[in-house]
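Subject: Structure handover

Hello,

Here is the structure for you to look at. Please open it first, then read my notes below.

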Amino acid sequence: QVQLVESGGGSVQAGGSLRLSCAASEYTYSSYCMAWFRQAPGKEREGVAAIYTGGDTTNYADSVKGRFTISLDNAKNTLYLQMNSLKPEDTAMYYCAADYEHLGGDCLRRGYNGMGYWGKGTLVTVSS
C-alpha cells in the first residue's frame, strides 16, 4: 500500500510563506498525477494544485494562481507545494493525494474516491 506523509505546515502571518512536502513510499514517477487538496473549517475539500508526472504539467485553483507553486522531485519521491503571499483564507488542512491507478482526467477536480491514496494532512494557519 502506498503511503503519503505530509510535512511543513505551521502558523504564519498574512503575507508569509510555507513549503509543504509530501513523501511517497512508492516511486512518484509511476503515478499519473499527484496533487494537493485542502479543507477549511466548515467547507468542502477543494483541489489546490496538481502535477502530472509524464510531462510535468501543472494546474492550479484560481484562488492560488500566482502565489502557489507545485513541484515534484522524482529522485526523492517527494511532492512539494511552495506557498507565498499567504492569506487568512488559505487556512486549512492540506492533504497530499496521488493517482497510481492512472484513471486519467483532471486530477484537480477529483473527489476523495477519485484519488487512490491520501496523506493524513498537515495544518496551515494564516493569521492577520
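Start with Thr122. Thr122 is buried, at a relative accessible area of 10%. Buried means under 20% relative accessible area, exposed over 50%, and partly exposed in between (1.4 Å probe, protein chains only).

A word on the basis. This is a predicted model, so local features need pLDDT of at least 70 and side-chain atom pairs count only at pLDDT 80 or more, while totals for chains, interfaces and linings use all residues. Residues are numbered from 1 along each chain as its sequence is written, and side-chain values use heavy atoms, with hydrogens and water left out.

Back to Thr122. Thr122 sits in strand E11 (residues 122-127). Strands (E, at least two residues) and helices (H or I, at least four) are DSSP runs, numbered from the N terminus. Leaving aside neighbours within four places in sequence, Thr122 has contacts (heavy atoms within 4.5 Å) that include Gly9, Leu20 and Tyr94. A polar atom of the Thr122 side chain lies 3.1 Å from the backbone nitrogen of Gly9.

Next, strand E5 (residues 46-52). 6 of its 7 residues are buried, so E5 is largely enclosed by the rest of the structure. E5 runs antiparallel to strand E4 (residues 33-39), joined by 6 bridges. Two strands pair if DSSP finds at least two bridges between them. Ala35 stands opposite Ala50 in E5. E4 and E5 form a hairpin with 6 residues between them. In that turn, Gly42 has a positive phi of about 75 degrees. E5 also pairs with strand E6 (residues 57-60), antiparallel, over 4 bridges.

Look at strand E7 (residues 68-73) too. Its side chains alternate. Phe68, Ile70 and Leu72 point to one face and are buried.

Now the rings. The structure holds 5 aromatic pairs. Rings of Phe, Tyr and Trp (its six-membered ring) pair if their centres lie within 6.5 Å; planes under 30 degrees apart count as stacked, over 60 as edge-to-face, and the rest as tilted. Tyr32 and Tyr52 are edge-to-face, at 5.4 Å centre to centre and 75 degrees between the planes. Tyr32 is in the loop between strand E3 (18-24) and E4, and Tyr52 is in E5, so this pair ties together parts 20 residues apart in sequence. Tyr52 is buried, with a relative accessible area of 14%. Phe37 and Trp118 have ring centres 4.9 Å apart and planes at 55 degrees, so their pair is tilted. Both Phe37 and Trp118 are buried.

Best wishes

Technical notes. A polar contact is a pair of N or O atoms within 3.5 Å; within protein, one must be able to donate a hydrogen and the other to accept it, and residues adjacent in sequence count only if both atoms are side-chain atoms.
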